[in-house]
Structures are given as structure tokens and as C-alpha cells.
Amino acid sequence: MRKLMLKYKEQLLYLLFGALTTVVSLTTYAAANAILGDEWYLISNVISWCFAVAFAFVTNKLWVFASKSWASPLIWREIAAFVSARVFSLLIEEAGLWLLVDIAGANSFSMTLFGFELSGDFLAKLLMQVVVVILNYIFSKFLIFAKKKSS
């Protein structure tokens, strides 16, 4: 079991911190939505994105991809690449939310789970989080924190 965990350490850590990032995103989304109102769900999503990106950068850099250097040129390159990739996935998430809520009518749907009322826009946000986590892993693994091969 230990060998298996070591073999998939990066993926397991990404799943753990991806789940925590999703919790940060969903919590701040729900809070922003409660303050701004349901009709401003796309703005609430951008607010939640800001919190999630800050949390994800630190956890991805330090623990998932173990990029330990804080040298100024490297850190600025990583931040720029990380935020750029996250902006791309934010645009996909915003488009997906708009399609699910405004076009497909998810906002007219709701359900109760463990005593909590979940609105259609919240469920759409949850679905889009799955898409975003997968995209962000690919960007982080192969573009942002990619290990340089030594010659």
C-alpha cells in the first residue's frame, strides 16, 4: 500500500488539495451569492475564483508539485503561468455556468441533500468545478510546475 501511495503521491496530493480548493471555491461562492443575490452568480463565481486561485497556488507550489524555489524570476514566471492558466479555466467555467444556468435552466431546479437545499446554480457550479480541477491539473503538471529534464 505504501509503494502505491508513493507512486501516486502527486496525484493523491492534487486530489486532496483540489478538494480543499473546491471547498474554498464553493464556500466563497455561496457567501458571495448570499450577499449579492442569485442573479449575480457569475460575479460570485469570479470572487470565489480569486480566493481559490490564491489557495491553490500555494498548495500546488509547495506540496503537490514541490517547487520549493522562491527565487524572484522563477516565482514570477510560476505566478504568471498559474494565473494565466486559471483565467483560461475561469472562462470555461463562466461559459459552462452561463450555459447551464441561463440556457439550460438549471436555476429552476433544486434539491435537498442531507437537509441542505442546493440550488440549480450551485449544482452547476459543482459540476463545473470537476471540469476545472481536471483542466487545472493538466496545466499545472505539464506547463506551470513541469520538472526540467537535466541533460
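User: How many residues does helix 2 have, and what span does helix 2 reach from its first C-alpha to its last?

Analyst: This is a predicted model. Helix 2 covers residues 9–36, which is 28 residues, and spans 39 Å between its first and last C-alpha.

User: What follows helix 2?

Analyst: G37 follows, with a positive phi near 105 degrees.

User: Why is L15 called exposed?

Analyst: L15 is found in helix 2. Exposed means over 50% relative accessible area. L15 has 56% relative accessibility, so it counts as exposed.

User: Which nonpolar patch includes L15, and how much accessible area does the patch have?

Analyst: The patch on the surface is formed by M1, L4, M5, Y8, L12 and L15, with about 660 Å² of accessible area together. Helix 1 (2–7) and helix 2 each supply at least two of the patch residues.

User: Which residues of helix 2 are buried?

Analyst: Among them are Y14, F17, L26, Y29 and A32. Buried means under 20% relative accessible area. The buried residues of helix 2 pack against helix 3 (41–64), helix 4 (72–103) and helix 5 (120–144).

User: What makes up the largest nonpolar core?

Analyst: The largest nonpolar core has 16 residues, and those with the most contacts inside it include Y14, F57, F82 and F145. Helix 2, helix 3, helix 4 and helix 5 each supply at least two residues of this core. Helix 3 gives the largest share, five residues.

User: With which residues is Y14 in contact, leaving aside its neighbours within four places in sequence?

Analyst: Contact means heavy atoms within 4.5 Å. On that basis, the partners of Y14 include N60, V64, F65, R86 and Y137.

User: Is F114 buried or exposed?

Analyst: F114 has a relative accessible area of 77%, so it is exposed, the cut-off being over 50%. F114 lies in the loop between strand 1 (110–113) and strand 2 (116–119). Although F114 is not a glycine, its phi is positive, about 55 degrees.

Conventions. Residues numbered from 1 in each chain as written. Predicted model: local features only at pLDDT ≥ 70, side-chain atom pairs only at ≥ 80, totals over all residues. Heavy atoms only, no water. Helix = DSSP H or I, 4+ residues; strand = E, 2+ residues; numbered from the N terminus. Expected span 1.5 Å × (residues − 1). Buried < 20%, exposed > 50% of the residue type's maximum accessible area, 1.4 Å probe, protein only. Patch = residues over 30% accessible without salt bridge, like charges linked within 9 Å, V, L, I, M, F, W, Y side chains within 5 Å. Areas by Shrake-Rupley, 256 points an atom, 1.4 Å probe, with all protein chains shown as cover. Salt bridge = Lys/Arg side-chain N within 4 Å of Asp/Glu carboxyl O. Core = buried A, V, L, I, M, F, W, Y, C linked by side-chain atoms within 4.5 Å.
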